[in-house]
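Please open the model in your viewer and keep the sequence beside it. This tour takes two stops, and each begins with a selection.

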Amino acid sequence: MLVTLVGLPSGTASADPTPEEIEAQIDAVWRELAPVIEQHNATRIELTEKREKADELAERIAPLQLKVDVAMAEVSEMAAYAFKGGNASAVNALLSSGSHYTFAAQLTLLDQIAKVRQQQIAKVLASKEEYEAQKEPLDRLVAELAELEQELSDKAGEIDAEIDRLQALRLRAYGETGGTGELRPAPCPSEYPGGPAGQAVTFACAQIGKPYGWGSSGPDSYDCSGLTSAAWREAGVSLPHNAAQQRNAVRHVDRGDLRAGDLIFYYANLSHVAIYVGDGWMVDAFQPGQPVQMRRIDRPGSIHSYGRPG
């Protein structure tokens, strides 16, 4: 049964909520959505497994069907030869080959062969019916799972729409310029992805203002890969404390698919990494003398690639 969300804010309030109130609303929505997402993921996995099983059964049934068709054709041909005069030349050959006794023996042999063939066909048909009996509930389950997946997708769409509404309130509460200081010139995260990525970006944003520390991964200071590894460690994902090694440990994504929580790698030698927090902003520990802060993703230098942990 799908989770029913209750208590989601709607309508226009008499006074705009504060940034803290908006953050609390977003957190509440994501607490509701997280089980739905997990159910959705589990359903997709189960659906894939059942489809693979159904495909496997279909492959097993296909050669049986061919075997049935061939066996039926052979028996039909025998019947035509032996009992229906379907091939006069074959009968004439038998008549001229010996006595009536020999011909009777030939017909008896053909009859016996036909019975053997019929028994073989019966076994094949029994096997086919068995496989079809197994496949029928699978087909039914696949249809049910597909319907459930659509329901889950629709529910996720409803939540996305609610998050967009809250996000608009959030940006209005912060103001167009952010109003959060030089190190945090915009809401952080600028978009909230939820799930592990949401945990990672929330952690990274909370480190803003802490000093750069060479070789450090917190909690009091960070270097670039120390910050990103600490952020994703908060979400339960282990990343090496090295930008190049992190690039090898994550899945590549294109810039057009970039979302909050993704990692941005810089320079040909992969000497810098930052965590994307949405709307063109990132959080990073760039160099000594500069604290952890929000920056535009194109500011530090040449972007090498993008990656998604988890």
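Angles between axes count as roughly parallel under 35 degrees, as roughly antiparallel over 145, as roughly perpendicular from 65 to 115, and as oblique for the rest. The model is predicted, so that local features need pLDDT of at least 70 and side-chain atom pairs count only at pLDDT 80 or more, while totals for chains, interfaces and linings use all residues. Residues are numbered from 1 along each chain as its sequence is written, and side-chain values use heavy atoms, with hydrogens and water left out.

**First stop: two helices**

Select residues 195-206, helix H4, together with residues 224-234, helix H5, which pack at an angle of about 135° with their axes 7 Å apart. H4 and H5 are therefore oblique to each other. Now show the side chains where they touch (contact means heavy atoms within 4.5 Å): H4 contributes Pro196, Ala197, Gln199, Ala200, Phe203 and Ala204, and H5 contributes Ala230, Ala231, Trp232 and Glu234.

**Second stop: Asp262**

Next select Asp262, which you will find in the loop between strand S1 (251-253) and strand S2 (263-266). Is Asp262 buried or exposed? Its relative accessibility is 2%, and therefore Asp262 counts as buried (buried means under 20% relative accessible area, exposed over 50%, partly exposed in between, with a 1.4 Å probe and protein chains only).

Keep Asp262 selected and display what surrounds this residue: leaving aside its neighbours within four places in sequence, Asp262 is in contact with Val253, Asp257, Ala274, Ile275, Tyr276, Gly307 and Arg308. Finally, look at the backbone nitrogen of Arg259, which lies 2.9 Å from a polar atom of the Asp262 side chain.

How values were computed:
Axes fitted to C-alpha atoms, helices over the stretch in contact; angles between N-to-C directions. Helix = DSSP H or I, 4+ residues; strand = E, 2+ residues; numbered from the N terminus. Polar contact = N/O pair within 3.5 Å; in protein donor to acceptor, adjacent residues only side chain to side chain.
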